[in-house]
Amino acid sequence: VKCLNTIETILRRSVGTEPVVAHTEGAQGDDSGEKDGPKSLSELMADRQEQAEKSVLISCPSRTSEKKFLKFLSKHGDINKHFFYESYGVYAVVEFARRDSVASLLESAAIPSVNHECMVPFKSRLLSLSNHSLAAPPAQQPGLPCRPQATVSINELIQRLSREDSVDDQIGALTETYQLTEENSRLRFLVCSLLKDVAAAYFPECTIRPFGSSVNGFGKLGCDLDMFLDLDNISGWNFKPPKSGLSLEYQMKRTNSERHVTQSILSVIGECVDHFGPGCVGVQKILNARCPLVRFAHQPSGFQCDLTANNRVAMKSTELLYLYGELDPRVRSLVFTVRCWARAHGVTSSIPGAWITNFSLTVMVLFFLQKRSPPIIPTLDRLRDLAGPADESVIEGNDCTFATDFSKIQLQSNTDTLEQLLGDFFEFYAMFPFSRMSINIRKGREQNKPEMAPLHIQNPFETSLNVSKNVNTSQLDRFVALCQESAWLLQQSETRTQRGSSGNRTTTPWGLATLLLPSKVVGIKGRKKYKKEGASERIKSLLETLKNKNEEPKS
Ligand code: GTP
Ligand code: MG
């Protein structure tokens, strides 16, 4: 209970601005008609999109006076919110109270004229401030107050965690350090909105939405920005012509596959981003992937961006992960911790390859939480049964229906602490029969593997697919060996009673911090093959110790 309270207090919702509201049993059964619990992801996204549409991104000389800057901009209307950050120079995000203020500001901006350089005259809400007319602040005045958009190094994190008093507090501190901030979340939606202005040259009614860890609640500062171009809301799709009389329809290019349409659209928009998109560099079109995409870096925000189209199932997975993360604060904390642990040991990587992805790892955590007794989160089948008519969704023949109204979801009363959960997570996967069984969050039970991939995790919505098809045996073995070692290390730290009374509390890594140190069993650069036999001997002895410890009566 203490752990829940601590976590609940420190957690801030990464998408919304309100503090996280734990979905406790006490909040249920209220039939006042108002929705209980957090907002749905689509409601939160609508709010964020609205803010982004009224915002501009301005590069500022670092010696700008904040007061004068704001006075200068407020000539165009009231400002709701602003903040500064650093990314190849200082930038300001400014949200006006009204959209017409943005239009007025853009009307007052000039197209630059630079000797020996020619401009592509594509106007956007990415601007640069020149301060000829703004007096620089006196030298002793501090520069613009910048909000950090990157997280701390792993070594700094280890030090920070070592200063905490319990593993539960360490997990709370890790979550707080790594989660997206309010400002970073705003910036992500603003970049989508700027990109939408480029795509709107072809599709004026389009939307570009973030998905994946930017919005599912599990994003770490610095994670990539996954976006998808949504053309579903273009008017005319579901237009029913009158039964009699005259009617009109558009003449359009036709092709024989949806995939081909997606590839054509992304190809053209990719070109447009490359040639006209201010701040967009290193554009790569990866159109033959299973999910075609355009990848580029957005320099002013520092985000690595992946733009996809027609990717509605991924949006559903994002909604599902968000829902699970909001149901109980322990879900997000455990996912953050496991993701961080996996990254520290090279179990996951930013480079695509045979390693486990963050998405697969998150599904593994969810599955583990469904298997607790009593379960901490419901199965996907249960969520489907609780769904109302508005939740119904079938995408390309796949049933993607699940309840999104938090007040309909009854949770069981489980009081496991985060420390217990983390230790048991490692033990669970240290012993999991990967060779025979598949992980299935739809059923909340392991199932016989339908195919012989080393790691089989059923895709929650496209149930014939394996989300971890890419993982090879050596990567799975590393994961299992690291789980074994970490389970053992956590057991060790349990015996460290009276920690802190020695006065040496600041620097010696302990508890969760030791799990982030380079492994003694498995080489940190896990891309190289480690000596399997030697390692398995050592793991066996570690396991023996673990077993003996479990058999000892707890003091
Ligand atoms: P990061 O590593 O922080 O970027 O996590 P992420 O959750 O954003 O993962 P990633 O950028 O790889 O993928 C973005 C989203 O696409 C995920 O959140 C999922 O919704 C979806 N996704 C990724 N991989 C798979 C997969 O193998 N199968 C399915 N169905 N969806 C996936
Ligand atoms: Mg991502």
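I looked up the accessibility of Asp224 and found 29% relative accessibility, so Asp224 counts as partly exposed. Asp226, at a relative accessible area of 13%, is buried. I applied these cut-offs: buried is under 20% relative accessible area, exposed is over 50%, and partly exposed lies in between, with a 1.4 Å probe and protein chains only. Both Asp224 and Asp226 coordinate the magnesium ion (ligand 2) through OD, at 2.1 Å. Donors are N, O and S atoms within 2.8 Å of the metal (3.2 Å for Na, K and Ca), and water is not among the atoms, so sites may look incomplete.

I record that this is a predicted model, in which local features need pLDDT of at least 70, side-chain atom pairs count only at pLDDT 80 or more, and totals for chains, interfaces and linings use all residues. Residues are numbered from 1 along each chain as its sequence is written, chains are lettered from A and ligands numbered from 1 in the order in which they are written, and side-chain values use heavy atoms, with hydrogens and water left out.

Next I traced the open sheet of five strands, whose order is S5-S6-S9-S8-S7 with mixed pairing. Strands are DSSP E runs of at least two residues, and helices are H or I runs of at least four, numbered from the N terminus; two strands pair if DSSP finds at least two bridges between them. Strands S5 (207-211) and S7 (280-286) are the edges, each pairing on one side only. S6 (residues 225-230) and S9 (residues 303-309) run parallel, joined by five bridges. Leu225 stands opposite Cys305 in S9.
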